[in-house]
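Dear colleague,

Please find below the structure that I am handing over to you. I would be grateful if you read the notes after it with the structure open beside you.

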Amino acid sequence: MNFKRRDFIKSGLLGGTGLFISSPLSALPRFSLSEQASVMTVSFSGTACTRDEGEVSREGSDKDIYLPSTGYIPVRIINELGGVGKTVRGAGENDWAHTRDTSEPLLINGPLKAPDDLLHDIRNYISGNQYTKYKESIVGWTMPALALHGANVAAASKAETFNFIGHSRGACECIMAAWFLYAYGDEKTRNTPVNILAIDPVPGPGTWWSILTQLPPNVVNYVGIYSWDQSYNLNVQDHAFQALVPRPNGRMRGESNDIKIHDQSWWDWITRYPAWGVMANEVQQADPLLPDENRPQPKGYELYTCRGRHSTIAGNTTADGNYDPTNTSSTVAPVPELIYKIARGYLTEWGSRFSTPCAVEKGVLELRQEIHRFHREFDVMGGGATRNSTTFPNRPYVRRVSSIWGRNPNDTYYMDDVVGDPPYKLSYPVTTERKNKGWVDWKFL
């Protein structure tokens with residue numbers, strides 16, 4: 001069975017959040033490569049992920065941590081497009097599992113007319129052994145290099161639509177790449193519609209540039225899928241996994257979509273904010289994580305949350321979301337299966353044409369029921385089934401999300417505040433302290 005987004009139906013069983021109904025494979029159209037040429041799909045991998053992540057084992061990443069039917073979802077999706085689409089390596093990693101000591105040069109000198117300051121800032125991340133620069137990648141300085149590469153790949157295709165899918169830092173690069181297309185492309189390129197499917201976008205502990213927290217005018221659809229059980233303080237690493245929720249643009253809000261790109265000010269220069277990173281300083285629009293009862297829901301902008309950790313929703317099927325291939329769990333598997341089907345569904349709606357059938361035969365309703373019937377391991381992943389501040393002050397096991405640009409790591413919201421109340425049928429651990437739901441409605445998977 002396959003899945004298309006237009007097959008969504010509403011269901012009172014799940015609180016009106018919508019079900020996904022699969023369509024028979026025989027009903028799917030078959031497309032030639034020339035017909036697919038009007039759409040360019042680019043996949044951005046997460047930090048430390050190769051372009052064959054999940055397909056080939058390497059030191060530090062055994063492919064057996066991934067579910068065989070889904071693999072590492074951003075890579076598997078491109079593989080299933082039959083040669084139409086490109087992958088971008090993850091930050092702090094070389095291209096392939098083998099060889100391990102070099103990377104292919106990034107496409108940075110056109111067709112986009114990138115400014116000299118951007119080319120200067122990314123000069124160390126274009127080629128060579130990127131694995132040796134892993135510490136630099138933690139701060140996020142490799143992201144603009146990879147985003148510009150992906151944007152150039154898209155622009156060079158001269159496609160009529162650009163579809164971006166990414167995980168983790170790669171999901172953030174999708175947004176940056178859309179900005180680079182808009183700011184540095186010719187008239188046709190900057191007006192080419194961009195669709196983004198972001199799987200748990202996480203910028204990391206560095207600066208959250210304004211081009212991350214605001215979607216540019218050329219983005220027509222943004223779908224963000226966020227893991228529920230990536231706690232804020234379960235371990236020291238979790239602090240770096242605060243998730244990015246970008247602000248919808250004017251098109252999505254039914255308002256003016258015209259913007260003025262911000263020029264670097266003297267204060268930006270003194271505080272060492274790069275000109276390319278502050279383009280959206282003056283166009284930060286309605287914050288989706290703040291309450292506003294009078295604001296209508298945006299169009300082409302959808303936020304989902306799903307059980308599991310940061311790696312789980314990208315294909316990792318271990319019981320704890322870590323990387324031990326001997327600790328895989330069949331009760332965790334429905335999460336990556338569900339996200340994989342959703343990714344294929346949205347990309348199909350946006351014009352990407354798959355050359356292979358969907359590898360997950362279970363229907364979406366069945367997968368969702370399994371997730372919430374067998375939820376013990378998800379509860380443990382995030383610090384327990386009860387995550388109030390009674391025992392641990394300040395809700396340390398509740399994930400933090402943000403839509404605020406800048407360097408202040410405290411500019412975040414509690415995730416279980418802003419998403420509102422999940423349908424009572426679903427096994428989401430929420431705290432009694434939650435309040436101040438954001439004006440954008442979230443969907444609970």
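The notes below describe cavities, a pocket, a surface patch and some features of the backbone.

Please keep in mind that this is a predicted model.

A search of the whole structure gave two cavities of 30 Å³ or more. The largest cavity has a volume of about 60 Å³. Its lining consists of Trp228, Arg387, Tyr397, Val398, Arg399, Met415, Asp416 and Pro429.

**An open pocket**

The second largest pocket has a volume of about 510 Å³. Its lining is made of 18 residues, and those nearest the centre of the pocket are Asp121, Trp141, Arg272, Tyr273 and Pro274. Which helix gives the most to this lining? It is helix α3 (residues 116-121), with three residues. The lining of the pocket comprises eight nonpolar, five polar and five charged residues.

**A surface patch**

Trp141, one of the residues nearest the centre of that pocket, also belongs to a nonpolar surface patch of about 320 Å². Isoleucine 138 lies in helix α4 (residues 134-139). Is isoleucine 138 buried, partly exposed or exposed? Its relative accessibility is 37%, so isoleucine 138 counts as partly exposed, because that class lies between the cut-offs of 20% and 50%.

**The backbone**

One runs from histidine 98 to threonine 99, with omega near 5 degrees. The other runs from glycine 110 to proline 111, with omega near 10 degrees. Threonine 99 is in the loop between β4 (86-88) and α3, and proline 111 is likewise in the loop between β4 and α3.

Alanine 48 is not a glycine, yet it has a positive phi of about 70 degrees. This alanine 48 sits in the loop between β3 (39-44) and α2 (73-79), and it is partly exposed, with a relative accessible area of 25%. Asparagine 436, also not a glycine, has a positive phi of about 60 degrees. The loop between α14 (415-418) and β12 (442-444) contains asparagine 436.

Yours sincerely

Methods. Residues are numbered from 1 along each chain as its sequence is written. This is a predicted model: local features need pLDDT of at least 70, side-chain atom pairs count only at pLDDT 80 or more; totals for chains, interfaces and linings use all residues. Side-chain values use heavy atoms; hydrogens and water are left out. On a 1 Å grid over the protein atoms alone, a cavity is a set of points where a 1.4 Å probe fits but cannot get out, and a pocket is an open set with protein on both sides within 12 Å along at least five of seven lines; lining residues have an atom within 4 Å of a point. Grid points are joined across faces, edges and corners, and a volume is the space filled by probe spheres set on the points. Patches are made of residues with over 30% relative accessible area and no salt bridge: like charges are joined within 9 Å, nonpolar side chains (Val, Leu, Ile, Met, Phe, Trp, Tyr) within 5 Å. Accessible areas come from the Shrake-Rupley method with a 1.4 Å probe; for residues, only the protein chains shown count as cover. A salt bridge is a side-chain nitrogen of Lys or Arg within 4 Å of a carboxyl oxygen of Asp or Glu. Helices (H or I, at least four residues) and strands (E, at least two) are DSSP runs, numbered from the N terminus. Buried means under 20% relative accessible area, exposed over 50%, partly exposed in between (1.4 Å probe, protein chains only). Ala, Val, Leu, Ile, Met, Phe, Trp, Tyr, Cys and Pro count as nonpolar, Asp, Glu, Lys and Arg as charged, and the others, Gly among them, as polar.
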